Amino acid sequence: MHLRERLQSGAGPSLSFEFFPPKNEQAASALYQTIRELEPYRPSFVSVTYGAGGSTRELTREVVLRIQHESRIPTVPHLTCVGHSREEVWNILDQYARAGVRAVLALRGDPPRGAKDYNRDADVFRHAADLVTFIREYNESGRHPDPDGFAIGVAGFPEGHPATPNRLREMDFLKAKVDAGADYICTQLFFDNHSFLDYRERCLLAGIKVPILAGIMPVTSLSGMNRMAELSGGTCFPARLLKRAGSNPDAIQEVGIQYASSQCAELLDSDVDGIHFYTLNQSRATREIYRNLGLKDSLQLLEHGEDK
């Protein structure tokens, strides 16, 4: 089943995982072991990130193609605007299309590391909506072997984007991405479900009706929590999470898994369209959350019990 159809079918919430490209052989071995451990959970898809300024372009491609070749998991590469020409993006899409990839996540992306004065005005694609439009043009060209082309995902920010403090303006940007042709929204991680549920309602008020997948990242260490705070500027860490984490730092992973499990249970009860797990290339936390939710695999959430 094409990802666009799967997410928009209303058959039940999707469950998916995110990985990032490994930087060395040891990290690569650990990543592919994680993928083997998570494959039996039959995710709706997995996504692979794209480094700042396109710095992991080749690594992302290698991971995506290997997953496509060695597993049956639909794979969604991230693709960013920064520093790419139209020809480069067209060629990247061609490579993925030939490999059988049927979805991409279109992002504005971060400038290259160390480029504090990076001028986005020089980019061909200044905003994610521009990239969405271009991918839609590729779909309409008929070059993809699948007549449905690429499903297109975009990012959403339930607690706001640090670069857009005006929350009304931020919703305008999201609406522009959807109007350009985005098929679904995958949100930044969050720890307060109220923020997500309010965001979902504000999307409806703005006329945004595509599926919204909730981004969940279980806290597994205090250092990891601090790292999350750096990477996801604006994310709120609720007092109840900080209290539980601080009271027993030796058990932070168990606390984080239990907290994320409770988040997921509440989201599923609230008819979330899907949950996207930020795995940090590790499997234990995600596997434990499935167990806590009483799920053997992702297909148990489908009304008809199958996902082709």
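Which residue's backbone oxygen lies 2.6 Å from a polar atom of the side chain of Thr60? It is Thr49, and the pair is a polar contact (N or O atoms within 3.5 Å; within protein, one must be able to donate a hydrogen and the other to accept it, and residues adjacent in sequence count only if both atoms are side-chain atoms). Before going further, a word on the source: this is a predicted model, in which local features need pLDDT of at least 70 and side-chain atom pairs count only at pLDDT 80 or more, while totals for chains, interfaces and linings use all residues. Residues are numbered from 1 along each chain as its sequence is written, and side-chain values use heavy atoms, with hydrogens and water left out.

Back to Thr60, which sits in helix H3, residues 57-70. Helices (H or I, at least four residues) and strands (E, at least two) are DSSP runs, numbered from the N terminus. With 0% relative accessibility, Thr60 is buried; that word stands for under 20% relative accessible area, exposed for over 50%, and partly exposed for anything in between (1.4 Å probe, protein chains only). Setting aside neighbours within four places in sequence, Thr60 is in contact with Pro21, Val48, Thr49, Tyr50, Pro77, His78 and Tyr96, where contact means heavy atoms within 4.5 Å.

Zooming out, the chain has 11 helices and eight strands. Its C-alpha trace spans about 55 × 45 × 40 Å along the principal axes. Buried residues make up 51% of the 308. Of the contacts between residues at least 6 apart in sequence, 79% join residues at least 24 apart.

Next comes the nonpolar interior. A nonpolar core is a set of buried Ala, Val, Leu, Ile, Met, Phe, Trp, Tyr and Cys residues joined through side-chain atoms within 4.5 Å. The largest one has 63 residues, and Leu93, Phe150, Ile185 and Phe277 touch the most other members. Helix H5 gives this core its largest share, six residues. Another core, of 25 residues, lies apart from it and includes Ala155, Tyr184, Met228 and Leu241.

Then there are the charged pairs. Side chains of opposite charge can pair when their charged atoms come close. The structure holds 11 salt bridges, each a side-chain nitrogen of Lys or Arg within 4 Å of a carboxyl oxygen of Asp or Glu. One of them joins Glu137 and Arg86 (3.5 Å, N to O). Glu137 is in helix H5 (residues 128-141) and Arg86 in helix H4 (residues 86-98), so this pair ties together parts 51 residues apart in sequence. Both ends are partly exposed, Glu137 at 35% and Arg86 at 44%.

Another bridge pairs Arg143 with Asp94, with the closest N and O atoms 2.7 Å apart. Arg143 is in the loop between H5 and strand S5 (151-156) and Asp94 in helix H4, 49 residues apart. Here Arg143 is partly exposed at 45%, whereas Asp94 is buried at 9%.

Asp172 and Arg169 also meet in a salt bridge (3.9 Å, N to O). These two are three residues apart in helix H6 (residues 167-180), so about one helical turn separates them.
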